[in-house]
Amino acid sequence: MTRPKTIGIVGARGHTGQELIRLVAAHPGLELAFVSSRELDGQRVADHNDVFAGELRFESLDADAVAAKGADAVILALPNGKAAPFVAAIDGAKPDTVIVDLSADYRFDAGWYYGLPELTRARYAGERRISNPGCYATAMQLAIAPLVEHLAGPPQCFGVSGYSGAGTTPSDKNDTALLADNLMPYALTNHVHEREVSKQLSLPVEFMPHVAPHFRGITLTVNLWLSAPMSREAVKALFDARYADEPLVEVIDDAPWVSRIAGRHGAQIGAFTMAPGNGRVVVVATLDNLLKGAATQAMQNLNLALGYDELTSIPH
Ligand SMILES: NC(=O)C1=CN([C@@H]2O[C@H](COP(=O)(O)OP(=O)(O)OC[C@H]3O[C@@H](n4cnc5c(N)ncnc54)[C@H](OP(=O)(O)O)[C@@H]3O)[C@@H](O)[C@H]2O)C=CC1
Ligand SMILES: CC(=O)N[C@@H](CCC(=O)OP(=O)(O)O)C(=O)O
């Protein structure tokens, strides 16, 4: 048997880091070589993660210390804007390391592969630098892509995220007291994900995000104006055809509910509700922001880059 590939997770205390530890622990071809956290430095991973057994401990590692570990792959699960020093140190020490970055830092960088597997894997050309789209950008692209050729104007996307989407750094958007009985609108135009999806789909997209009191899972309700009237059957057939061979994208008849997707690794897309006259359709997508919107997608991308089956360690 070939030796397992070694992997490190930088920012492993966070919401997505904890999910990544679970996925790596379940992977037969990966060995967790290090996990970094400044706050949990010295503490056993097994004491913080119910699926991890063993003596591995969190370590506080700066960029050079991460690079010096010499892992085969490194996942960066840091807040936006923090990845660059880690990438630079790995570039210098061991450039063939596979880096998967969960932040938005390299989503517009042509030198990085943009890894939304269901839509972009055919373009993968062996890149070792992979930018992992986040939850909203993933849900929007999956909900719009099958209709791109049939649109009369920009899709409008109303997004609602659980507050784990705002990470662990305290802010209004993860303050459970402020969120109680509330729905909090923010970044209502020009959100970075609006620009990201517009660039990826080569089409202007309008995005209005909100954060809600539930912990995990997002809902994207997308209004799409059609260039010519279409029947509901024709619209749904485009989605069925596009995702027929995709185990992590389920096309359903009803509008999906976020309460049913929390903790699951795939996305659901449904509703396909036609306006009178059939010139407009509303599509709803849900996914777990920490899984298909982050850690599960990262594992798909890692599997692709490391030569494993794309769904290894991912329940589906
Ligand atoms: N949450 C979500 O739903 C999604 C998140 N993402 C993206 O994934 C990334 C991680 O998100 P999430 O897990 O929610 O974030 P968290 O805030 O939950 O965790 C961030 C992690 O980074 C560490 N960290 C924070 N600042 C620094 C720093 N300056 N240097 C080194 N380590 C640092 C923290 O640990 P410590 O302080 O102990 O070192 C922690 O482990 C973000 O870029 C986010 O945009 C993408 C899709 C969905
Ligand atoms: C509720 C909340 O704050 N959500 C985050 C999105 C989390 C996410 O998708 O992260 P990426 O930036 O990596 O795509 C936001 O709107 O920026």
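Me: From which domains does the lining of the largest pocket draw at least three residues each?
Reply: This is a predicted model, where local features need pLDDT of at least 70, side-chain atom pairs count only at pLDDT 80 or more, and totals for chains, interfaces and linings use all residues. Residues are numbered from 1 along each chain as its sequence is written, chains are lettered from A and ligands numbered from 1 in the order written, and side-chain values use heavy atoms, without hydrogens and water. Domain bounds come from an automatic or database domain assignment. The lining draws at least three residues from each of domain 1 (5–133 + 293–306) and domain 2 (135–288).

Me: Which residues lie nearest the centre of the largest pocket?
Reply: A pocket is an open set of points on a 1 Å grid over the protein atoms alone, with protein on both sides within 12 Å along at least five of seven lines; lining residues have an atom within 4 Å of a point. Here 46 residues line the largest pocket; nearest its centre are A77, L78, P79, N80 and G167.

Me: What is the volume of the largest pocket?
Reply: Grid points are joined across faces, edges and corners, and a volume is the space filled by probe spheres set on the points. For the largest pocket, the volume is about 1200 Å³.

Me: How far apart do the C-alpha centres of domain 1 and domain 2 lie?
Reply: The assignment gives domain 1 (5–133 + 293–306) and domain 2 (135–288). The distance between their C-alpha centres is 26 Å.

Me: Which residues line the largest cavity?
Reply: A cavity is a set of grid points where a 1.4 Å probe fits but cannot get out. The largest has a volume of about 30 Å³. Its lining is V66, A67, G70, A71, V74, I90, K94 and T97.
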